[in-house]
Each structure stands twice: as structure tokens, then as C-alpha cells.
Amino acid sequence: MMKLKATSVAVALVVAGSAWAAVAVRDEPIKPIEPAKVENAAKVELGKKLWFEPRLSMSGIISCNTCHNLSMGGTDNLKTSIGHGWKAGPVNSPTVYNSSLAIAQFWDGRAADLKEQAGGPIQAGVEMNMPHTLAVGILQSIPGYVEEFESVYGKNKIDIDMITDSIAEFEKTLVTPDSRFDKWLRGDDKALSEKELAGYTLFKESGCVACHNGPAAGGTSFQRMGVVEPYKSSSPAEGRSAVTGADADRFNFKVPTLRNVALTYPYFHDGEAATLEQAVDTMGRLQLGRTYSKDEIGQIVAFLKTLTGELPQIAMPVLPPSSNATPRPDPFK
Ligand code: HEC
Ligand code: HEC
């Protein structure tokens with residue numbers, strides 16, 4: 001039953017992929033998002049369960065989906081995330097949609113890829129607060145999981161590597177092709193209104209694409225926040241220098257994707273820009289030394305809204321029940 005469902009998802013994705021393959025793409029600094037290619041549907045299905053699995057948190061109520069709500073653009077729409085014990089994290093939760101397309105994970109790029117990233121939030125005190133050994137122990141005590149890990153990895157002993165590997169495999173399916181902008185990129189002139197196209201032209205000609213480029217319209221480099229004018233923030237986050245130790249990397253952040261940016265408010269690593277208008281105004285002044293008129297901001301915002309793609313259809317997974325031996329959650333620890 002479960003396997004049948006996973007297979008039909010894979011088939012649907014393959015069909016969508018081949019329908020696009022023959023169409024020529026405009027030569028623009030932003031490229032269309034390609035549909036996900038699912039190689040191992042059973043692994044994706046397991047990763048999806050773990051994505052929605054609150055028993056990976058000490059409290060028993062926090063899952064990856066709590067802060068990267070797939071129904072809300074893959075974010076929590078909060079300034080900065082709230083995790084275990086109502087503790088506020090230092091930074092805004094980035095979207096997980098299309099995050100597989102980025103050069104590295106986190107605002108400062110401290111994880112090389114999705115698999116390396118996935119281990120972080122489980123044990124982070126301000127996120128799920130769950131030591132990896134305990135997370136593994138909990139899953140190992142649930143017969144439904146032991147069986148499913150065995151059928152995916154061929155071993156009856158679960159380890160953290162399998163957990164992060166399958167979550168990453170699920171995350172790779174979280175791409176959002178087929179936005180109106182992508183339809184335009186693939187040659188459909190009617191996909192954008194005049195105002196939206198004017199916004200894209202302004203975005204391109206004023207230099208936003210120097211940083212926001214590639215299929216994700218971001219995620220291809222680390223750049224300073226505040227190139228022309230310094231950015232004032234009360235957030236302790238220092239950006240890339242936390243990873244490289246180099247002073248020159250202070251306040252360099254991974255350029256965020258602008259895909260689905262209409263859904264991922266509030267903006268910037270500290271979540272201080274409440275609206276797209278505010279974010280565009282700040283970017284114009286701080287990154288390019290350019291003050292846009294209200295009309296120009298309206299045009300760019302109209303363009304940015306065309307980057308909302310087709311979000312994958314995700315059926316809520318049924319999670320296998322705990323056994324008598326499963327350690328119980330401790331919400332107030
Ligand atoms: C308490 C809220 C919270 C929970 C729970 C949480 N995350 Fe996150 N996630 C964040 C925040 C905040 C960041 C940004 C942290 C940073 O850059 O320093 C982040 C970053 C990420 C990124 C990097 C995205 C990018 O563009 O750089 C990925 C991928 C991710 N999380 C996946 C997960 C997975 C998988 C889980 C579950 C195992 C999870 N998250 C659980 C809040 C959370
Ligand atoms: C020099 C590189 C650079 C240029 C040029 C640039 N950006 Fe950015 N952009 C960034 C970086 C870095 C961030 C993240 C900054 C932070 O969070 O502190 C960002 C963030 C954003 C965000 C917020 C996204 C989010 O999810 O938080 C928007 C919207 C945005 N840029 C739009 C634009 C627009 C529109 C332009 C042109 C007017 C532009 N950017 C020019 C590097 C750049």
C-alpha cells in the first residue's frame with residue numbers, strides 16, 4: 001500500500017520531466033527549476049516520515065515541519081524560529097523548498113549538504129534538543145521503523161547516518177518547478193504581465209542578478225549584507241566568518257533563494273523585513289546604492305511573486321506507533 005503510493009509519485013514526476021525536456025529555454029541569468037528525479041522512492045517515503053516525526057524531539061511535539069512548514073512555503077513565517085522550551089533561535093528559518101540547489105546549507109553555509117545539515121537541528125538545544133543516540137534509540141524501539149529501515153538500508157540496526165540520509169533524500173524532492181516565471185523562461189510570452197516583465201527587467205538591469213541567479217535565483221554564492229551601506233541588525237549572527245574565521249567574511253551570508261519568496265516572509269537572516277516591499281527597498285539601497293521609487297518597487301515585487309512554483313503534493317504519512325519499550329517524550333526537560 002505504502003510502496004504503491006511512493007511509486008505513483010515517482011512516475012508522475014518522471015512524466016512531468018519528459019514533457020518539459022524538449023522545450024528551449026531563454027538565455028537568462030535565472031534558469032527554470034527542473035522537476036525532482038526520484039531514484040529510490042522507498043527511501044524518500046522513509047525520509048518523509050522522519051520529516052514529520054515529532055518523536056525525534058525531546059518534547060515530542062517538534063518536527064522538521066514545525067519550523068519548515070511545507071504548507072507555508074517551507075518556513076515558520078516567524079522573525080526567528082522558536083524551538084524546544086519556547087527558546088528563540090538567533091536567525092530566521094530559511095525555506096527548505098529548492099534548498100537542494102544551494103552551494104551549502106545554513107545562512108553561513110556551515111553544512112556542506114542536506115545530509116550533513118539534517119543532523120544539526122535534531123540535537124540543537126534551541127531546536128529539537130534530542131541527542132542523536134537517544135533519537136536512534138527511539139526509532140530502534142519502534143518495530144515499524146526497524147522494518148522500514150531494514151527494507152531501505154538492508155540492516156536491522158538503525159544509525160544516525162541512515163536517518164539524515166533518508167531525510168535529505170526526501171528534501172531533494174522538495175523542488176517547485178513550473179512557476180509563471182519558469183513558463184516565461186520556457187517561451188510562454190503570455191505567462192507574465194507587462195508590469196511583471198518590467199519588474200524583471202529592472203531586477204536584471206539594476207544588478208540584483210549579480211547575486212540572485214541560477215535556478216533558485218540565489219544560493220550560488222556568499223555575499224556581504226550591506227555592500228554600499230552597512231546593515232544595522234541586533235542579531236548576533238555574523239555570517240560566513242563564523243565558519244572561515246576570516247574577518248573579510250563578516251556579514252557575508254549565503255544569498256537566499258528568491259523562489260517562492262512571496263510565501264517565505266519575514267525576510268533577511270534576522271527576519272527584520274516584514275514585507276517584500278521593505279526587503280526590495282533595503283536591497284536596492286544597501287546592495288546597489290539605488291533608491292527605487294514606489295512604482296519601481298511595485299514592479300520588482302510583482303516580478304518576485306511570479307517565482308512561486310508548484311509545491312509538491314504531499315500526502316501526510318502515517319507514523320508507526322511507539323512500542324512499550326519506546327522512551328517517552330519529556331516536554332519540559
Ligand atoms: C526550531 C525550528 C527548527 C526545526 C525544528 C528545524 N529547523 Fe531547519 N532551520 C531552522 C533555522 C532557524 C535554520 C537556519 C539556521 C542557520 O542558518 O543558522 C534552519 C536551516 C535549515 C536548512 C538550511 C536551509 C538553507 O537554505 O540554508 C535545512 C535544509 C533545514 N533547516 C532542514 C531541517 C530539517 C531536516 C529538520 C528536522 C530534522 C529541521 N530543519 C528542523 C529552524 C528549524
Ligand atoms: C551583493 C549581492 C546582492 C545583491 C546585488 C542583491 N542581493 Fe538580495 N540578498 C543578498 C543577500 C546576501 C541576502 C541575505 C541578507 C541577509 O539576510 O542578511 C539577500 C536577501 C534578499 C531578499 C530576502 C530573501 C529572504 O528570504 O530573506 C530579497 C527579497 C532580495 N534579496 C531581493 C533582492 C533584490 C530585489 C535585489 C536588487 C534590488 C537584490 N536582492 C540585490 C545579496 C544580494
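Analyst: Let's start with C211, which sits in the loop between helix 9 (194-205) and strand 1 (222-224). Helices (H or I, at least four residues) and strands (E, at least two) are DSSP runs, numbered from the N terminus. Keep in mind that this is a predicted model, where local features need pLDDT of at least 70, side-chain atom pairs count only at pLDDT 80 or more, and totals for chains, interfaces and linings use all residues. Residues are numbered from 1 along each chain as its sequence is written, while chains are lettered from A and ligands numbered from 1 in the order in which they are written.

C211 counts as partly exposed because it has 19 C-beta neighbours inside 10 Å; the cut-offs are 20 or more other C-beta atoms within 10 Å for buried, 12 or fewer for exposed, and partly exposed in between, with C-beta atoms placed from the backbone. Leaving aside residues up to four places away in sequence, C211 touches S221, Q223 and V255 (contact: C-beta atoms, placed from the backbone, within 7 Å).

An unreviewed UniProt entry annotates C208, C211, H212 and M283 as "binding site"; such annotations may be inferred rather than shown by experiment. These residues span 76 residues in sequence, yet no two of their C-alpha atoms are more than 11.3 Å apart, so they gather at one spot. M283 belongs to helix 11 and counts as buried, with 23 C-beta neighbours inside 10 Å.

Note on methods
Contact = placed C-beta atoms within 7 Å.
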